[in-house]
Amino acid sequence: MNAKKTFKLAVIPGDGIGSEVIDAGMKVLKQVEVNSQGEIKFESVYFPWGCDYYLENGKMMADDGLDQLKSFDAIYFGAVGYSNVPDHVSLWGLRLNICQNFDQWANIRPVRFYKGIPGKLANRSIEDHDWVLIRENSEGEYAGLGGRNLSGRGLGKEVAIQSALFTEEGCERIIRYAFDLARTRKRKRVTSVTKSNAQQYGMVLWDEVFARVSKDYPDVETNQWLVDAMAAQFILHPEELEVVVASNLIADILSDLGSALTGSLGLAPSANINPERRFPSMFESVHGSAPDIAGQGIANPIGAIGSAAMMLEHLGLKEESNDVMRAIEEATSKGFLTRDVGGTNSTIEVAEAIVENLSKNKVEN
Ligand code: ATP
């Protein structure tokens, strides 16, 4: 039978635990296909890009890599970075190369607490709560503007300049994205985070755009915070958060804090979206390649599987996405947990539990 919906997926496992968590996610996608009884098919093509590829070829991805990726419906990405290649080379050569050239300007990072996984907030459970970080993903502190010079003056005298880029257009599109998302959620609240007292140009522009855009959304409650205070708020009053929008660097840091609070960095999914759909969007866990646990089969696969669920939603498969999230929740509630969240299960055992829940859910439906 020909599948009614066929999706072309570019799979880039990358480095370290990337391939382990992507394997887990692909098992889940296979079960989504099985559940669909021939309605859905994923045609996956694997790309070997990453640090090992760099050592062999002197580049993180093929020269025509972006051209190769263009025709896919989505990119499923593991992690990038290893000790054998400087971090800034691996990051710019692969992940940022794709995000920036495919104008994936919205990075969506949900912070979700799972039943059965003790979060890190002492004496407090906010299991039923989740919030979402919206990270500006195309400019800000990651604009890559600057340079190094004057090393000729001698040892210890080199200078480096790194500039952040804030454009009114870049600020406006991500802030609007956050407001539009807030309108779809239970508590319609957007919190903007900057450090505009110290960063008096770019981040003051951001604040002004936020204030202007908020006038178009009178039904959405707004707050503006400085990042140092917001770091404390994440710990002291996370229940106040709903949609949090921030610049590239600030949201990156806050999302690691958020996922650590839920129990582990291994739990957090993310989506790098090109909202106009001119290019494929890219789905990846928030965590990196975790060299300290790579190759041991103990990486938590939930961030990668949650990212696959976000990919399904992006591809128009909302019901299937919800099924995957339910299957994850069932696995954690029943105690299928990797070591980072207090369990003893391997990556594959957790993935298999999720796959089994998914197949059972289908039978029960
Ligand atoms: P990056 O800068 O690329 O985001 P990083 O070097 O900051 O990466 P990670 O590679 O994410 O950091 O790892 C940080 C810590 O979190 C490590 O101790 C790692 O073992 C742990 N960790 C990350 N991902 C997972 C996972 N999926 N399962 C279990 N532990 C994880």
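Which residue just after helix 10 takes a positive phi? That residue is G335, with phi at about 90°. The model is predicted, so local features are given only at pLDDT of at least 70 and side-chain atom pairs only at pLDDT 80 or more, while totals for chains, interfaces and linings use all residues. Residues are numbered from 1 along each chain as its sequence is written, and side-chain values use heavy atoms, with hydrogens and water left out.

Helices (DSSP runs of H or I, at least four residues) and strands (DSSP runs of E, at least two) are numbered from the N terminus. Helix 10 covers residues 318-333, 16 residues in total. From its first C-alpha to its last, helix 10 reaches 23 Å, close to the 22 Å expected at 1.5 Å a residue; the expected span is 1.5 Å times one less than the number of residues. Buried here means under 20% relative accessible area, exposed means over 50%, and partly exposed is in between, with a 1.4 Å probe and protein chains only. The buried residues of helix 10 are S321, D323, V324, M325, A327, I328, E329, A331 and T332. An α-helix has 3.6 residues a turn, so residues three or four places apart point the same way.

Helix 10 packs against helix 9 (residues 302-314). Their axes come within 7 Å and cross at roughly 160°. Axes are lines fitted to C-alpha atoms, for helices over the stretch in contact, and angles run from 0 to 180 degrees between N-to-C directions. Angles under 35 degrees count as roughly parallel, over 145 as roughly antiparallel, 65 to 115 as roughly perpendicular, and the rest as oblique. Helix 9 and helix 10 are therefore roughly antiparallel. The crossing is left-handed; a crossing has that hand if the near helix is turned anticlockwise from the far one by less than a right angle, and is right-handed if clockwise. Contact means heavy atoms within 4.5 Å. On the helix 9 side the residues are I302, I305, G306, A309, M310, L312 and E313, and they meet K318, E320, S321, V324, M325, I328 and T332 of helix 10. By class, this contact has 8 nonpolar, 3 polar and 3 charged residues. Ala, Val, Leu, Ile, Met, Phe, Trp, Tyr, Cys and Pro count as nonpolar, Asp, Glu, Lys and Arg as charged, and the others, Gly among them, as polar.

Helix 9 also packs against helix 1 (residues 18-35), at an angle of about 45° and with the axes 8 Å apart. This pair is therefore oblique, and helix 1 passes helix 9 in a right-handed crossing. Helix 1 contributes V21, A24, G25, V28, L29 and V32, and helix 9 contributes A304, I305, A308, M311 and L312. These residues divide into 10 nonpolar, 1 polar and no charged.

L312 of helix 9 takes part in the contact with helix 10 and in the contact with helix 1. L312 is buried, at a relative accessible area of 1%. Leaving aside neighbours within four places in sequence, L312 is in contact with L29, V32, F42, L317, K318, E320, S321 and V324.

Another helix pair is formed by helix 7 (residues 227-236) and helix 8 (residues 248-262), whose axes come within 10 Å and cross at roughly 15°. Helix 7 and helix 8 are therefore roughly parallel, and their crossing is right-handed. V227, M230, A231, F234 and I235 of helix 7 make the contact with I250, L254, L257, G258 and L261 of helix 8. The classes are 9 nonpolar, 1 polar and no charged residues. S259 also lies in helix 8 and is buried, with a relative accessible area of 2%. Not counting residues up to four places away in sequence, S259 touches V111, S264, L265 and A268.

Two loop residues remain. D103, in the loop between helix 4 (87-101) and strand 4 (106-112), has a positive phi near 45° without being a glycine. D103 counts as buried at 16% relative accessibility. L150 lies in the loop between strand 6 (140-149) and strand 7 (159-165), and its phi is positive as well, at about 70°. L150 is partly exposed, with a relative accessible area of 30%.
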